[in-house]
Amino acid sequence: MEMLNIKINGMPYTVEKNTTILEACNQFGIKIPTLCYLKELNEIGACRMCLCEVKGARGLVAACVYPIEREGTEIFTNTPEIRKNRKTNLELLLSNHDKKCLSCPRSDNCELQKLCLEYGVDETKFQGEETHYDIDNSTLHLVRNNNKCILCRRCVAVCKNQYVSVIGANNRGFDTEVGCAFNKSLDSVACVSCGQCTAVCPTGALVERDDTAKVFEALADETKHVVVHTAPAIRATLGECFDMPIGSNVTGKMVAALKKLGFDKVFDTNFAADLTIMEEGTEFIDRVKNGGVLPMITSCSPGWIKFCEHYYPELIPHLSTCKSPQQMQGSMIKSYYAEKAGIDPKDIVVVSVMPCVAKKFEIKRDDEGHDGLADNDISITTRELAKMIKTSGIQFNDLADEEFDPIMGIGTGAGTIFGASGGVMEAALRTVADVLTGEDLESVEYQEVRGMEDIKEATYNVAGMDVNVAVTSGLKNAAKLLDEIVAGKSKYQFIEVMCCPGGCINGGGQPIVDAHTRNFTDVKGLRANALYEDDANLPYRKSHDNPEIKTIYAEYLGEPGSHKAHELLHTSYVRREKY
């Protein structure tokens, strides 16, 4: 490792050779603005906001892609010329930007707006000819407004990284726009609804479809019994919307806020995560013992399922037939809970709070629901829940902790870790190992499948049988494992796939994280740690130990994999066209 002595703004520092100026400055507490740069995803130097001066260089350089290669390099990041260039750049971006900031969903966390404020721009300095684009609201999960697009291409990069690439830069020069091929609408291409584009967009050009008005309307309808349930990952991220540190566990405050919003019951989707393990674990054991299709692949992530249906339909038989926890929870609310409470399922409105915009698509799948009723009626993201709390004047940070309602309010550590990549696999192994050995094993942590690596693999000897497992997140990584299966070279019996890199803690509906934080903070790791800490402190850490799970099988479902369980908790998949 070769180290170089350099100067930044006249101060001496030592950095590793080939470190970029942007990375070097961050090491020493100097923040350089960016609008396009995403580490390892979009390193293209397009926005020119990070321009810096290097002594001896011809003109200003883009800090995000300029490597420090020479001893004695002198760098300047904040000269009058640099500030003038950045300000002018922002004013040019505003010349054809839709500046309806007060009504923009990103008004409180828009990276463009923040920089304009910091640099004191004149938003009317350059009045160019504006191009007006039609808003694309063709999909169930997001809205695209190119009038707010600044052509940073972050969305293009993240879509490519998801192995989908249904959007790109069309045309050239002043006519350049981000869109689908042949200007098709998003609902006519093989978009998998992951929503990662909404999470990285610096402005309001891409946002989730806002369904909060539907929830408020349901809550105001006295003829409806409105039930809400929250995914495992929400507790580790919602606090960020209220300026809490990344990785804060806010379970109690979240429940309290939901009760203040007026929901009749507040349930924990962790319950359904445990239910998923009971059904999925039973299905896996059955496939192993009876020559079923292997490897079996998890089915919890709707973005991943849609990806498989579009791009690898020949592998549909490998998918577990289990519904996702969101769908299982809704199904149980409108059947088991409805019977227990003596309420007509038609009068129940089920609202799910999910880390994922693909859940908005999932609740409309043709094979979901029972007796003509959808399992879930409305699905909102973490961001939408935060909006509802703020709109209602609830002082989230001051709330005293409250607990989920009983019947479907007890979750285990196994359910909690569903929110992190590897969590579904680890939860399944905890139960499968106990079932196959007939013992209550003390060891419940499977460290090999934890972490944020692209692909994690392990072999576990369970009851004398070697079980080869793999865990991956992000569809580019999933494709590598799928190609092995297609080629007949897969060595695994069980594979976990999560659509979003890192799992649900990094879902497309999670709190917006600005690019600087995303680039230089381990956001996924901090959020995942909150879930693993919660797991370690819970009284039940195995799905089959959950007393509410035991009750629902004893009173209602019979046993895992029963006819009734299949009727209510399992689903099917369809081949979808790419074009």
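Which residues does Leu275 touch, not counting residues up to four places away in sequence? I started my notebook with that one, working from a predicted model.

**Entry 1: Leu275**

I found Leu275 in helix H8, which covers residues 270-290. The contacts I listed are Met328, Met332, Ile549, Ile552, Tyr553, Leu557 and Leu569, leaving out residues up to four places away in sequence. Its relative accessible area came out at 0%, so I put Leu275 down as buried.

**Entry 2**

Strand S1 takes in residues 3-8 and strand S2 residues 11-16, and I noted six bridges pairing them in the antiparallel sense. For Ile6, I looked up the bridge partner in S2 and got Tyr13. Two residues lie between the strands of this hairpin, and Asn9 takes a positive phi near 55°.

**Entry 3: salt bridges**

How many salt bridges does the structure hold? I got 31. As a reminder to myself, side chains of opposite charge can pair when their charged atoms come close. I went through a few of them.

Lys55 and Glu74 form one, with 3.8 Å between the closest N and O atoms. This pair links distant parts of the chain: Lys55 is in the loop between strand S3 (51-54) and strand S4 (61-62), while Glu74 is in strand S5 (residues 74-76), 19 residues apart. Lys55 has 52% relative accessibility, so I logged it as exposed. Glu74 has a relative accessible area of 25%, so that end is partly exposed.

Lys114 and Glu118 make another, at 2.7 Å from N to O. Here both residues lie in helix H3 (residues 111-119), and the four residues of spacing are about one turn of the helix. I have Lys114 as partly exposed, with 45% relative accessible area.

Then I looked at Glu240 with Arg527, where the closest N and O atoms are 2.8 Å apart. This one also links distant parts of the chain: Glu240 sits in the loop between strand S10 (225-230) and helix H7 (251-261), Arg527 sits in helix H17 (residues 523-537), and they are 287 residues apart. Buried or exposed, these two, Glu240 and Arg527? I found both buried.

**Entry 4: cysteines**

I searched the whole structure for disulfides and found zero. For Cys52, the nearest cysteine sulfur is that of Cys25, 5.8 Å away, and Cys52 is in no disulfide. Cys52 is buried, at 0% relative accessibility.

**Entry 5**

I then turned to strand S17 (residues 494-498). Five of its five residues are buried, so I described the strand as largely enclosed by the rest of the structure. Phe494, Glu496 and Met498 point one way, Ile495 and Val497 point the other way, and all are buried.

I looked up two strands that run parallel to S17. Strand S12 (residues 296-297) is joined to S17 by two bridges, and Met296 stands opposite Phe494. Strand S16 (residues 465-473) is joined to S17 by five bridges, and Val469 stands opposite Phe494 there. I also noted that S16, helix H15 (residues 475-486) and S17 make a right-handed β-α-β unit.

**Entry 6: helix H9**

What do the buried residues of H9 pack against? I wrote down S12, helix H11 (358-362), H15 and S17. Ten of the ten residues in this helix (residues 302-311) are buried, so H9 is largely enclosed by the rest of the structure. The buried residues include Lys306, Glu309 and His310, along with Trp304 and Phe307.

Notes
Residues numbered from 1 in each chain as written. Predicted model: local features only at pLDDT ≥ 70, side-chain atom pairs only at ≥ 80, totals over all residues. Heavy atoms only, no water. Pairing = 2+ DSSP bridges. Salt bridge = Lys/Arg side-chain N within 4 Å of Asp/Glu carboxyl O. Buried < 20%, exposed > 50% of the residue type's maximum accessible area, 1.4 Å probe, protein only. Disulfide = S-S within 2.5 Å. Contact = heavy atoms within 4.5 Å. Right-handed = clockwise from strand over helix to strand, strands pointing away.
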